[in-house]
Amino acid sequence: MFVGMFPGEIECLADCGTTHTILRHRQLFIELVPYNSSVTTMTGSSPLINGRGNAQFMLPNGTVLKVTEALYAPRANRTLLSFKDIRANGYHMETHCENGNEYLCITSNECGRKRILERLMCRSSGLYLTTIRIIESNNVFRDDLLDSDTYRLWHDRLGHPGRDMMIRILKTSHGHPFYRAN
């Protein structure tokens, strides 16, 4: 088991060699269509696939990934996250070394600024390990609002301050006079 896993987290390997994300948990799927197929590995072919469809889940730091053609394989040995699906969500990947440890970093490039969203640990096998979580929600929302550019546009149109403005407000704010320490 992955050190530091919490209840509800699922161990997942990021894999550049898999053509599809392979998920072992039905709850990760938004919609699932029955589909029987085999997975070809170095040791041969195994009839592991029971379905395919759209999936959505969250990485440890809150990055949400949507996968349009995930495969459902409840008897698979591991849950695999395809590099192709990370890129399809608009993210980039690069490796970093820190204190002798190697990480695969999932990054975003917003407004010309690169931000590290997630850091996946490198195992001794050379594979990158992370955890994913099921997104539980009772809210109904429109799919087109998941597009970050559309969301940011409406956020700005409604006059809500952005991240940079909030930082400026906090730096120049002295607090409410009733709450100051004497």
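Student: Which residues does Phe57 touch, not counting residues up to four places away in sequence?

Tutor: Contact means that heavy atoms lie within 4.5 Å. By that rule, and leaving aside residues up to four places away in sequence, Phe57 touches Leu23, Leu28, Thr63, Val64, Leu65, Val67, Leu81, Ile132, Arg133 and Ile135.

Student: What kind of model is this?

Tutor: Residues are numbered from 1 along each chain as its sequence is written, and side-chain values use heavy atoms, with hydrogens and water left out. Local features need pLDDT of at least 70 and side-chain atom pairs count only at pLDDT 80 or more, while totals for chains, interfaces and linings use all residues, since this is a predicted model.

Student: How many helices and strands does the secondary structure of the chain come to?

Tutor: Helices (H or I, at least four residues) and strands (E, at least two) are DSSP runs, numbered from the N terminus. Along the sequence they follow the pattern β-β-β-β-β-β-α-β-β-β-β-α-α. The total is three helices and 10 strands.

Student: Over how many bridges do β4 and β5 pair?

Tutor: Two strands pair if DSSP finds at least two bridges between them. Strand β4 covers residues 44-58 and strand β5 covers residues 64-72. They form a hairpin with five residues between them, and Gly62 in the turn has a positive phi of about 95 degrees. The pairing is antiparallel, and the number of bridges is seven.

Student: Which residue in β10 does Met58 stand opposite?

Tutor: In β5, Met58 has Val64 as its bridge partner. Strand β4 is also joined to strand β10 (residues 128-134) by two bridges, and those strands run antiparallel. In β10, the residue opposite Met58 is Arg133.

Student: What is the angle between the planes of Phe29 and Tyr72?

Tutor: Rings of Phe, Tyr and Trp (its six-membered ring) pair if their centres lie within 6.5 Å; planes under 30 degrees apart count as stacked, over 60 as edge-to-face and the rest as tilted. The structure holds one aromatic pair. Phe29 and Tyr72 form this edge-to-face pair at 5.6 Å centre to centre, with an angle between the planes of 75 degrees.

Student: The charged end of which residue sits over the ring of Tyr35?

Tutor: A charge sits over a ring if NZ of Lys or CZ of Arg is within 6 Å of the ring centre and within 35 degrees of the ring normal. Arg119 lies over the face of Tyr103, at 4.1 Å from the ring centre. Over the ring of Tyr35, 4.1 Å from its centre, sits the charged end of Arg52.

Student: How many disulfides does a search of the whole structure find?

Tutor: A disulfide is a pair of cysteine sulfur atoms within 2.5 Å. The number found in the whole structure is zero. Cys97 is in none, and the nearest cysteine sulfur to its own, 8.5 Å away, is that of Cys122.

Student: In which loop is Cys111 found?

Tutor: Cys111 has a positive phi of about 55 degrees although it is not a glycine. Cys111 counts as exposed, because its relative accessibility is 73%. Its place is the loop between β8 and β9.

Terms used
Buried < 20%, exposed > 50% of the residue type's maximum accessible area, 1.4 Å probe, protein only.
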